[in-house]
Amino acid sequence: MTRVNEHTASAREPLVDQRIPAQRRSASGAAVLDGHTALLADPSRTRRGSLSAELYGAGFGWVLEANSVRAVYTIIDSAPSGDLALVSAEFGADLTAIVRALRSARWPRVIVLAHDAGLEPVIDAVNAGAGGVLRGPSPAKAPAPLQVLSMSGREIQIIEGVADGQSNERIASALGVSPLTVKSHLARIGRKLGSGERAAMVAVAMRAGIIQ
C-alpha cells in the first residue's frame, strides 16, 4: 500500500487511541472487536474528544481515533474494517488517499467531516469513494426500543439510502416517490432516532440493528 505524506502528531499525544484492551487481540495481533466500530480521524484533539463521546453515546462499541495520516494507516493495517469512518477534510491533500485506502480496506461507509475546508478536496474525496460530506456532525443517543420498533419499511429503505450517501433526489428516484416525500420521511425518522442530522441517523440506525 502506497503511503502519503504524514501530518505531524503532537509529541504529548499518542499516535493512535484505539481503546482496545491488549487481551482483545488475536494471535496475529489483529484487534478483535465486538459490536459496531467507528473510525474517527481528525487532527484536532478537541473535536475528536467531542465526537468520540457522541459516537459512544450513539451506541458504538468501539471508536478508533486517529490524529494523523500515519495513525489512519496504522488502524487500517492492524484492525479489521469497521462500520463507519469519519475523516476530517483538514488532512488536505492526503484526504483523497485516505478515503481510497479505507474503501480498499472494506470500510463500507466513509464520511468526510468538512469543517471549514475548501470545496475542491471534498469533491475529490467523494470521487474517491466517500459516501457523504458533513459539517459538524453530532451523532445522537440510541433511541428507546419502542421508537426502533415503530420504523416502517419505507423509512428503513430511506435510511439505507442515506447510509449509502445518496441524496434525497436519488433516493426518491429509486423508490418511485417525490423528493418532498423523502424529506417528510426523514423528518419523521429524525424524530424517532433523536436527531435530524444524516450522520447521526445512520449511526443510531446501525447500532439499533435497523440497517447493517
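Colleague: Before we start, what are the ground rules here?

Modeller: This is a predicted model, so local features need pLDDT of at least 70 and side-chain atom pairs count only at pLDDT 80 or more, while totals for chains, interfaces and linings use all residues. Residues are numbered from 1 along each chain as its sequence is written, and side-chain values use heavy atoms, with hydrogens and water left out.

Colleague: How many helices and strands does the protein have?

Modeller: Both kinds are DSSP runs numbered from the N terminus: helices are H or I with at least four residues, strands are E with at least two. Here you get nine helices and six strands.

Colleague: Which strands pair with β5?

Modeller: Two strands pair if DSSP finds at least two bridges between them. β4 (residues 84–88) runs parallel to β5 (residues 110–113), with four bridges joining them, and Leu86 has Ile111 as its bridge partner. β5 also pairs with β6 (residues 132–134), again in the parallel sense, over three bridges; there Val112 sits opposite Val133. Elsewhere, β2 (residues 37–41) and β3 are parallel over five bridges, one of them putting Ala41 with Ala66.

Colleague: What handedness does the β4, α3, β5 unit have?

Modeller: Point the strands away from you: if the path from the first strand over the helix to the second runs clockwise, the crossover is right-handed. β4, α3 (residues 95–104) and β5 make a right-handed β-α-β unit, and so do β2, α1 (residues 45–57) and β3.

Colleague: Are the faces of β3 covered or uncovered?

Modeller: Buried means under 20% relative accessible area, exposed over 50%, and partly exposed in between (1.4 Å probe, protein chains only). In β3, Trp62, Leu64 and Ala66 on one side and Val63 and Glu65 on the other are all buried. β5 is covered on both faces too, with Val110 and Val112 on one and Ile111 and Leu113 on the other. Across the protein's 212 residues, 47% are buried.

Colleague: And which residues lie nearest the centre of the largest pocket?

Modeller: Rolling a probe the size of a water molecule over the atoms shows where empty space is left. On a 1 Å grid over the protein atoms alone, a pocket is an open set of points where a 1.4 Å probe fits, with protein on both sides within 12 Å along at least five of seven lines; lining residues have an atom within 4 Å of a point. Of the 16 lining residues, Ile111, Gly132, Val162, Gly165 and Arg198 lie nearest the centre. β4, β6, α6 (153–163) and α9 (198–207) each supply at least two lining residues.
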